[in-house]
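Please look over the sequence and the model below before reading on.

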Amino acid sequence: KLSLSGDFQVWLLDSQARLFIAVATQAQDGTYGDTQFTNELVADLTKLQDARAAEVAADASSSDAGPLQAPDLARLLGPPQTLVPSLSIYRDGLLAQTATSPVGGFPINQRQRLWPDAWLFLLASAGPASTAPGIDNLLRSPTRDMIDGGFFFQSRDTGWGSPSFDKVAVLNAEMCLLLAQLAVAGVSFTPYARFADETFDSLTGEFLDSDGVIRPCRIGDERVGSPRSQHSSFNPRQVRSLLDGVERDWAQAVLHLRPTSNPAMTPFLTDFSQLDTPMYNRVVPKLKGFGPTPAFDREVTLASYGVSVARLLQAARILHDPDRLQRAHDIAGRIDLFRRGVDVVHELAPSERARATLVDYLAFADAALQDFLVSSRVESLHDGAAVLKRSLDLFGIPNESCYRMALLDSPHRVVPDSNTPQICDDAGESANAAVI
């Protein structure tokens, strides 16, 4: 059955990336079934095909624009405006949005998800005192992976209490950097540095493949209709088998392993003073490594890997952690597997899909710069600069102040005959979209 969120929008563009029509996603009463939506979409596609057959680009129609699309449509049809963003408006809007949520974050459609880029922007523009309260409740929730480190992709409620168990490398790497920056800011007694270290160790441990590069995502293993992970959750019988009576009482009280109050049965701490207490060190190791081994996306892309290792290098440098700096530097050294002179490949497997996108080139340059900053290895700087210059030449659009996401003959483009930028991603969790 079709289930569209309230902010879902569909736009059809012509082959020159001009707005053609806004597809209605909701009926007048605010609801829409799969049959109505399919009929609407087919009708609008027919209009687009007719216009293309006649080689006429129709004007954008506002008749089908939904309440969310109407203001966007008016702006697109209005006179050109400056594209220079008003960062103060962005900052104030994010602060207002997170202030209205009792548990921080940026709830949308009764869900929460990781927005490390928004938090990093707030940290830079509004300071740590304004940013930290927006993420502290996330750290005290089951959406933080207390067992393996890092964070799950999202929560199915606004309170961070019902995680979906995918773990995206890019988002976790950005969370690692965010926590490192909060740690050095000394804004509160929240153990940001510890959680940054745990996230770092997850990405440089369980996420590594046999080539020593970071895989894009860990795939959630919850069963359909179940709020629990097979790896990260524990049912009452498992809790009884793993822990003795004293340990079980402590886990129920401190790690919230009670199904009535924590349906996900994923352990989490709200009282950070319990970290490294004798009982913590006694119970938590017994919970680690239990359950089936999680599966990972095997299609490693330079875009995801490069950005991830760049953020890990930054985080380790900020925390002045020589051991983790060395580990990140060693992983960054594997990035040369993707370089072909001044060009790069999207993935290592020899196929048409190895054709690189703009994001792959930028990710290589990003990682090379960060590696130079931690190692003073001049070759890294030179290699990154050469790949960056190549990308700007290769993907630049003549007489335009923008760049193609992929070349016109790229296998990653879903509209082969258009100049429309595409988010180039594999099927499944959008690890590369997170890069963008």
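In what order do the three strands of the open sheet lie, and is their pairing parallel or antiparallel? In this predicted model, the order is β3-β4-β5, and the pairing is antiparallel. The edges of the sheet are taken by β3, at residues 112-113, and by β5, at residues 163-164, each of which pairs on one side only. Strands of a sheet pair through backbone hydrogen bonds, in either a parallel or an antiparallel manner. Between β3 and β4, the latter covering residues 154-155, there are two bridges, and these two strands run antiparallel. Within this pairing, R113 has Q154 of β4 as its bridge partner.

When neighbours within four places in sequence are set aside, N262 is in contact with P142, H256 and F268. N262 counts as buried because its relative accessible area is 2%, which is under the 20% cut-off.

| Residue | Relative accessible area | Class |
|---|---|---|
| N262 | 2% | buried |
| C176 | 1% | buried |
| C217 | 4% | buried |

How many disulfides does a search of the whole structure find? The search finds zero disulfides, a disulfide being counted where a pair of cysteine sulfur atoms lies within 2.5 Å. C176 is buried, and C217 likewise counts as buried.

How values were computed: Residues are numbered from 1 along each chain as its sequence is written. This is a predicted model: local features need pLDDT of at least 70, side-chain atom pairs count only at pLDDT 80 or more; totals for chains, interfaces and linings use all residues. Side-chain values use heavy atoms; hydrogens and water are left out. Two strands pair if DSSP finds at least two bridges between them. Helices (H or I, at least four residues) and strands (E, at least two) are DSSP runs, numbered from the N terminus. Buried means under 20% relative accessible area, exposed over 50%, partly exposed in between (1.4 Å probe, protein chains only). Contact means heavy atoms within 4.5 Å.
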